Amino acid sequence: MSKIALITGATAGIGEACAKLFAKQGYDLILTGRRTDRLQQIQNTLTTQTRIRVKTLTLDVRDKMEVGNQLEGLSDSWKAVDVLINNAGLSIGLEPINEGSTDDWDTMIDTNVKGLLYVSKIVSNWMVERKQGHIINLGSIAGKETYANGNVYCATKHAVDSLNKAMRIDLLPYGIRVTGIHPGAVETEFSEIRFKGDTERAKEVYQGFEPLSAEDIADTIWFTVSRPAHVNINDLVIMPTAQASTSHLKRTE
Ligand code: NDP
Ligand code: 8X3
């Protein structure tokens, strides 16, 4: 029987790249996100190109009821999830603490922290029952450092870093692996969302150096998943070669 990976935020960027790579590796997939059209598109592509099964769930990870209903509504065979990739996340706004929007803060905290928890509680229980599984949490370099105007986004990713460690301890008795992935600059829709659709400003973030691609991160995630069962990669920080830290970036112009 094929293994199953559940990927949150599979409609774009890192989540979509993971969906493609895990499909290539023969995993059946549960793909989630808010944009149904994109989920369907990815499902069509993957089921045409490969022989895997793809289940799509349109859901907003911030909605506790919806997460519960949709995940618990899956059949038992789909609940045998081997790999959970907690990827759905975002940053909105880049202002100093006294100027930030409290609505933006709510969105980041509700998505990056609470959403990750709602999904993890349900899926980790399935893994506990089977005494196996691997949870990948998408943190960020923003969860290891704090930079100007990054305040609440950095705080949410520090929370993910902490939850990653906590999950590893709590799930230890069940042989469940837990890995934190902490990328630097990856060119995806991330900056477009952060700058609320200002594509010019978003493009500038990645100019003058070679950022990571979503595929680089998917590759790294696959590396952790494909280690032998007795090996757990606890934590990985992965940066573009041109970026030493959030405040040290070598641009060519
Ligand atoms: P993208 O904006 O390209 O993708 C984000 C994904 O998250 C989309 O599929 C989106 O789907 C989903 N998502 C956002 N909000 C929700 C929600 N409320 N409910 C369900 N799904 C949601 O960004 P990335 O691929 O770059 O980001 C993926 C993860 O990687 C995030 O956690 C991000 O913080 C982290 N990261 C990104 C870095 C970067 O430089 N790009 C660096 C470090 C970490 P939809 O809109 O359809 O709901
Ligand atoms: C995304 C990377 O440096 O913009 O998490 O916070 S950064």
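How do strand 5 (residues 134-138) and strand 6 (residues 177-183) pair, and over how many bridges? The two strands run in the parallel sense, with five bridges between them. This is a predicted model: local features need pLDDT of at least 70 and side-chain atom pairs count only at pLDDT 80 or more, while totals for chains, interfaces and linings use all residues. Residues count from 1 along each chain as its sequence is written, with chains lettered from A and ligands numbered from 1 in the order in which they are written.

**View 1. The open sheet has seven strands in the order 3-2-1-4-5-6-7.** Helices (H or I, at least four residues) and strands (E, at least two) are DSSP runs, numbered from the N terminus; strands pair if DSSP finds at least two bridges between them. The pairing is parallel, and strand 3 (54-58) and strand 7 (235-238) sit at the edges with a single partner strand each, so each has one side without a neighbour in the sheet. From one strand to the next, the twist averages 15° (axes are lines fitted to C-alpha atoms, for helices over the stretch in contact; angles run from 0 to 180 degrees between N-to-C directions). Zoom in on strand 6 and you'll find Gly-180 opposite Asn-137. Helix 2 (residues 36-49) packs on the sheet, touching strand 2 (28-33) and strand 3, and its direction makes about 175° with that of strand 3. Contact here takes C-beta atoms, placed from the backbone, within 7 Å.

**View 2. Helix 1 (13-24) packs against helix 8 (residues 214-225).** Their axes are 8 Å apart at an angle of about 55°, which makes helix 1 oblique to helix 8 (under 35 degrees is roughly parallel, over 145 roughly antiparallel, 65 to 115 roughly perpendicular, the rest oblique). Helix 1 brings Gly-13, Ile-14, Glu-16, Ala-17, Cys-18 and Leu-21, and among the residues they meet in helix 8 are Ala-214, Ile-217, Ile-221 and Trp-222. By class, the contact has nine nonpolar, one polar and three charged residues. (Ala, Val, Leu, Ile, Met, Phe, Trp, Tyr, Cys and Pro are nonpolar, Asp, Glu, Lys and Arg charged, the others, Gly among them, polar.)

**View 3. Helix 4 (residues 102-130) packs with helix 5 (residues 151-170).** The angle is about 15° and the axes are 9 Å apart, so helix 4 and helix 5 are roughly parallel to each other. Helix 4 contributes residues including Trp-105, Met-108, Asn-112 and Leu-116, which meet a set in helix 5 that includes Tyr-153, Lys-157, Val-160 and Met-167. That contact divides into 11 nonpolar, three polar and one charged.

**View 4. Helix 4 also meets helix 3 (residues 64-72).** Their axes come within 10 Å and cross at roughly 30°, so this pair is roughly parallel too. Lys-64, Val-67, Gly-68, Leu-71 and Glu-72 of helix 3 touch Tyr-118, Val-119 and Ile-122 of helix 4. Five of the contact residues are nonpolar, one is polar and two are charged.

**View 5. Ligand 1 is surrounded by 31 residues.** A shell residue has its C-beta atom, placed from the backbone, within 6 Å of the molecule. Gly-9, Gly-13, Arg-34, Gly-89 and Phe-190 are the closest. Helix 1, helix 4 and helix 6 (190-194) each supply at least two shell residues, and helix 1 has the largest share, with three. The classes come to 13 nonpolar, 12 polar and six charged.

**View 6. Ligand 2 has Ser-140, Ile-141, Ala-142, Gly-150, Gly-184, Ala-185 and Thr-246 around it.** Three of these are nonpolar and four polar, with no charged residues.

Definitions and conventions
Two residues are in contact if their C-beta atoms, placed from the backbone, lie within 7 Å.
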